[in-house]
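Please look through the sequence and the model shown here before reading on. The report is meant for a reader who is meeting them for the first time.

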Amino acid sequence: MKKNIALVAGGYSGEYVISVQSAAVIEKNIDPALYDVYKIIVTKDSWTYTAADGAAVAVDKNDFSLTVGGKHIRFDAVFIGIHGTPGEDGRLQGYFEMLGIPYTSCGMVTSALTFNKSYCNKVVAALDVVNVSRSAHIFSDKPYDTAGILSQLRLPVFVKPAEGGSSIGMSKVNKAEELEEAIQKAFKEDNQILIEEFIKGTEVTCGLFRAQGKMTVLPLTEIRSSKEFFDYEAKYTPGVTNEVTPAEIAPEAADTIRTAALELYNRLNCKGIVRADFILEENTGKVYFLEVNTMPGQSENSLVPQQVRAAGLTLRAFYGMLIEECLAAVKN
């Protein structure tokens, strides 16, 4: 008997468009012989499913169900495809946990922690798994002193929203006089900001997931951007970035990154597909932590789909494993 799967996409952040693109790929690659997929677009104003006749059907938020053509539809599982809030920061996870509906991503606490880059950095540093760049954490409603920040950190620095993705609102600051403008740019996206020292080197990313009782660490991807850093344009404009999978880095460095990613996945209690990003420092070969992404992009050119294909898997098999893993967790 086929399972009903809700695929939630959209969200409340600037990553809405990327989420919709990811959901289109996910929907196309979920096996229709095994699952009936209902794509639900989430916005601040509505949570709706578009029926075959084009009618917009509102979700009953009391039990997260739909009534389509007189038929009441309840869901066996939810495939979370929202980047940013409320699908990556623990909010929907908490909602689904209260309703007892399994979902494909990390749990509420892990999602909330990893979504905040500054708090996640503090926890990762305490775990002593991988190097973490020095940083400062400031808030829009609390006083801060740019001179004081720069007395603790070495230029250049990155300024980024603490809770946000796709490098929206992010700047690289090379001179002290540029810092305030970068802070104000980031505050337009979030009321918390992470300011961290720039580590010169190669960005390397590692996708990994648990399914069928075992961990799978996907081939690493090396990011070669023609821009100064891997910003929104570099991520989503064809030709700006060369993404090499598998990464062409020293075997010892690759082993270090895979080990760190696996250790973080387990110790942060991750579930589903997670992408961990690192910087391999130039000259020293040290590996620095960048972030843990608990809802990595799934558009055709996104990093995880590239890694899945490089591992010899199809997206259909991959998404099927993610769904079955969250269903199995309920049975256990």
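What follows describes charged pairs, aromatic rings and charges placed over rings.

## Basis of the description

This is a predicted model, in which local features need pLDDT of at least 70 and side-chain atom pairs count only at pLDDT 80 or more, while totals for chains, interfaces and linings use all residues. Residues are numbered from 1 along each chain as its sequence is written, and side-chain values use heavy atoms, with hydrogens and water left out.

## Salt bridges

Across the whole structure, a search finds 17 salt bridges, a salt bridge being a side-chain nitrogen of Lys or Arg within 4 Å of a carboxyl oxygen of Asp or Glu. One of them joins the side chains of Lys-2 and Asp-36, at 2.9 Å from N to O. Lys-2 lies in the segment before β1 (3–10) and Asp-36 in strand β2 (residues 35–42), so this pair ties together parts that are 34 residues apart in sequence. Helices (H or I, at least four residues) and strands (E, at least two) are DSSP runs, numbered from the N terminus. Lys-2 is partly exposed, with a relative accessible area of 38%, and Asp-36 is partly exposed at 27%; here buried means under 20% relative accessible area, exposed over 50%, and partly exposed in between (1.4 Å probe, protein chains only).

A salt bridge also connects the side chains of Lys-39 and Glu-27, at 3.3 Å from N to O. This pair links distant parts of the chain, with Lys-39 in strand β2 and Glu-27 in helix α1 (residues 16–29), twelve residues apart. Lys-39 counts as partly exposed at 24% relative accessibility, and Glu-27 counts as partly exposed at 33%.

## Aromatic rings

The search of the whole structure finds 15 aromatic pairs, where rings of Phe, Tyr and Trp (its six-membered ring) pair if their centres lie within 6.5 Å, and planes under 30 degrees apart count as stacked, over 60 as edge-to-face and the rest as tilted. Trp-47 and Phe-64 form an edge-to-face pair, 6.3 Å centre to centre with 70° between the planes. Trp-47 is in strand β3 (residues 47–50) and Phe-64 in the loop between β4 (56–58) and β5 (66–68), 17 residues apart. Both Trp-47 and Phe-64 are buried, and they belong to one aromatic cluster whose members include Tyr-38, Tyr-49 and Phe-75.

## Charges over rings

Lys-61 lies over the face of Trp-47, at 4.6 Å from the ring centre; a charge sits over a ring if NZ of Lys or CZ of Arg is within 6 Å of the ring centre and within 35 degrees of the ring normal. The charged end of Lys-172 sits over the ring of Phe-198, 3.9 Å from its centre.
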